[in-house]
Amino acid sequence: MAGAQNTVCGAAGSRSGKRLLGPEQEERSLLWAPAPSLGDGSDSGLSDSEESVFSGLEDSGSDSSEDSTEGQNGAGSDEGHSRTEKTTGQQADRTPSTSPRIEATSEQGTHEYAEDSSDEEDVRNTVGNVPLQWYDDFPHVGYDLDGRRIYKPVRTRDELDQFLDKMEDPDYWRTVQDRMTGYDVRLTDEQVALVQRLQRGQFGDISFDPYEPAVDFFSGDLMIHPVTNRPADKRSFIPSLVEKEKVSRMVHAIKMGWIQPRRPQDPTPNFYDLWAQEDPSAVLGRHKMHVPAPKLALPGHAESYNPPPEYLPSEEERLAWEQQEPSERKLNFLPRKFPSLRAVPAYGRFIHERFERCLDLYLCPRQRKMRVNVDPDDLIPKLPRPRDLQPFPTCQALVYRGHSDLVRCLSVSPGGQWLASGSDDGSVRLWEVATARCMRTVSVGGVVKSVSWNPHPTICLVAVAVEDTVLLLNPALGDRLVVGSTDQMLGTFTPPEEPALQPARWLEASEEERQQGLRLRICHGKPVAQVTWHGRGDYMAVVLAAQGHTQVLIHQLSRRRSQSPFRRSHGQVQCVAFHPVRPFLLVASQRSVRLYHLLRQELTKKLMPNCKWVSSLAVHPAGDNLICGSYDSKLVWFDLDLSTKPYRVLRHHKKALRAVAFHPRYPLFASGSDDGSVIVCHGMVYNDLLQNPLLVPVKVLRGHTLTRDLGVLDVAFHPTQPWVFSSGADGTVRLFT
């Protein structure tokens with residue numbers, strides 16, 4: 001029992017000693033282990049049990065067997081001692097002899113289990129296959145066999161110290177860091193050689209021969225015993241039903257004619273005529289359109305050896321001929337005169353010209369081109385005659401005089417009986433259309449930028465844009481009931497108890513201003529450029545000449561509210577218009593026209609007019625088409641159902657377009673320009689969606705005189721008659737009927 005305990009303690013001590021040893025000390029202890037004397041003195045052969053001990057197979061269960069069976073350990077321990085001594089003796093025989101001092105020290109401190117290393121390397125870190133990144137934030141890198149932490153080495157060396165080591169340490173290039181322990185390991189010569197062989201793509205074992213001759217297992221020699229003695233399958237000697245079915249199908253296909261048997265090929269070669277299909281009358285049948293090369297022109301008088309005197313060049317003509325390019329000369333030679341034919345020398349350019357002629361014959365491609373016989377009248381589109389498109393205004397009927405400065409804007413009442421015009425002289429004049437008589441003159445004290453008559457027939461109001469204010473005038477013309485109901489509608493408004501914050505201020509007119517017809521004053525902080533009414537007469541849109549998202553404001557007359565519909569700006573707004581049928585607002589900036597849905601409050605379409613600067617906008621009464629005028633003398637027609645690109649671009653004017661307008665009833669639209677003309681066009685929009693609109697210019701109306709390089713500033717159609725009004729820079733308003 002004591003012997004067994006000593007053995008167990010010795011084994012444990014040897015293992016703990018092994019853990020404390022470094023790798024180099026372990027290697028030395030293995031190499032310098034002494035060779036104890038063998039019991040029988042013979043090393044002839046090892047038994048099976050001895051071989052298992054030598055190979056380390058019996059090592060695995062040694063601890064448990066020693067701990068469990070102590071009684072049987074008397075003889076077993078002695079037997080183990082003898083076997084271990086035999087193996088160590090054999091190893092000692094194979095190793096060279098060492099010094100006696102080293103043998104003595106090794107005999108005293110060597111136990112039988114001191115070096116029980118296996119074939120695998122000594123892995124001291126026992127964390128297994130755990131990723132080492134998990135230990136990045138900890139001071140240790142793993143655990144040893146006793147469960148103690150393996151701390152990372154303290155690395156206080158900076159890059160400068162590493163550089164000095166690299167320069168001074170001769171073994172720096174073969175020093176690597178062990179990731180399992182964190183320590184630096186110096187590679188031995190054998191390990192360096194192994195790494196170099198692997199880098200070159202060679203085998204790790206230096207004794208392995210990859211080119212040794214292969215042993216053919218299935219040799220050509222007849223062997224006594226078979227490679228396999230498995231009995232043959234039943235299917236190898238019984239006919240296959242699947243193959244029988246396939247054969248029956250093929251027989252059926254041959255009977256039906258679906259599969260044709262192979263016929264023997266005729267070995268005689270097959271020749272065919274390459275030009276059998278050629279036209280014998282053609283020079284080149286393959287080139288049906290071939291044109292033969294033109295013949296050389298016959299020599300004329302200039303080529304004669306004795307030409308007439310008028311063909312001989314003078315000295316000036318000869319110098320001019322020599323200075324010309326060869327391609328520009330009429331003749332490629334100079335005529336000369338010789339007394340007789342015998343005195344004519346050889347022509348110097350003879351071979352050169354023959355060569356060029358040969359190149360021209362076989363290199364210059366010629367092809368007969370079919371001339372297209374097109375009647376020029378067929379290229380012009382078939383437009384109807386203007387007399388078939390009547391009625392449209394053709395001549396000037398009336399001139400409305402009275403303004404002392406240029407008339408910027410005009411507007412016609414819904415009934416067509418009255419006309420309002422605004423001028424730079426600071427006044428708004430109200431005319432009777434039929435007689436050209438000025439009924440009223442309202443002084444507004446500033447330049448009138450825009451005038452718009454309320455389109456509702458039961459409201460008698462005119463909106464006038466003056467500087468930063470929109471004035472609402474009741475002209476008191478026409479039906480007295482309409483005039484009275486308008487004042488009554490404006491007087492029924494009761495202001496709310498808590499006035500909301502609005503972008504504009506609504507002010508009542510004073511008693512003196514009411515005598516002139518002024519009813520309301522809408523004040524904005526910025527100058528007003530345009531004012532236009534909605535078709536129902538309750539809303540109006542105002543364009544302010546300023547930057548930012550408040551360029552467009554919408555006012556409601558009945559509730560006296562103002563709102564800014566946009567959060568951000570998309571460029572300088574030129575003009576706006578309400579859609580006549582649907583809840584849309586069209587906003588024209590310099591380069592684009594945007595179509596907004598007022599109920600959904602979203603952008604529906606963006607039209608690209610391809611103009612430099614949009615100046616005016618008008619919507620067709622049906623609402624599916626619109627026209628834009630631009631300062632680069634273009635009139636652009638858009639079909640909203642067709643595309644966001646222009647359907648047609650008309651360039652009839654010579655100068656910038658100032659205004660465009662649609663007739664509310666007739667298929668007419670007009671444009672006024674700085675060239676002093678008004679062009680009336682026929683624009684028929686069909687109910688059939690597959691038929692494109694018909695655009696035909698029918699009349700050019702002139703009458704305005706140019707003033708300050710300005711011509712026609714505004715145009716407007718009569719609501720019921722095919723008449724057009726135009727206001728010009730000459731201070732007049734003209735009616736064309």
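Q: Which element has the lowest mean pLDDT here, and which the highest?
A: This is a predicted model, and among the elements of the protein the lowest mean pLDDT, 38, belongs to helix α6 (residues 100–109), while the highest, 94, belongs to helix α9 (residues 241–256).

Q: And what is the mean pLDDT of the protein?
A: The mean for the protein is 79, with 80% of its residues reaching 70 or more.

Q: Where does pLDDT stay under 50, then?
A: It stays under 50 over residues 1–110, a stretch for which the model has 70 contacts beyond four places in sequence. Residues 117–121 also have pLDDT below 50, and that stretch has two contacts in the model beyond near neighbours in sequence.

Q: Switching to the sheet with β19 in it, what order do the strands take?
A: The sheet is an open one of four strands, running in the order β19-β20-β21-β22 with antiparallel pairing. Strands β19 (573–578) and β22 (602–607) are at the edges and have a single partner strand each, so one side of each lacks a neighbour in the sheet. From one strand to the next, the twist averages 20 degrees.

Q: How many bridges join β20 to β21?
A: Five bridges connect β20 (residues 584–589) with β21 (residues 593–597), and the two strands run antiparallel. As for individual residues, A588 is placed opposite V593 in β21.

Q: OK, new topic: where is L520, and is it buried or exposed?
A: L520 lies in strand β14 (residues 518–523), and it counts as buried because its relative accessibility is 1%, the cut-off for buried being under 20%.

Q: What does L520 touch, leaving out residues up to four places away?
A: Its contacts are V470, L471, L472, L490, W506, L507, E508, L557 and R560. For one of these, L557, the C-alpha atom is separated from that of L520 by 9.9 Å, the two residues being 37 apart along the chain.

Q: What about S450, which strand is that in, and is it buried or exposed?
A: S450 sits in strand β10 (residues 448–453), and with a relative accessible area of 7% it is buried.

Q: Which backbone atom lies 3.3 Å from a polar atom of the S450 side chain?
A: That is the backbone nitrogen of V531, which lies 3.3 Å from a polar atom of the side chain of S450. V531 is also among the residues in contact with S450 once neighbours within four places in sequence are set aside, the others being C409, A463, V464, A465, A529 and Q530.

Key. Residues numbered from 1 in each chain as written. Heavy atoms only, no water. Pairing = 2+ DSSP bridges. Axes fitted to C-alpha atoms, helices over the stretch in contact; angles between N-to-C directions. Buried < 20%, exposed > 50% of the residue type's maximum accessible area, 1.4 Å probe, protein only. Contact = heavy atoms within 4.5 Å. pLDDT = per-residue confidence, 0-100. Polar contact = N/O pair within 3.5 Å; in protein donor to acceptor, adjacent residues only side chain to side chain.
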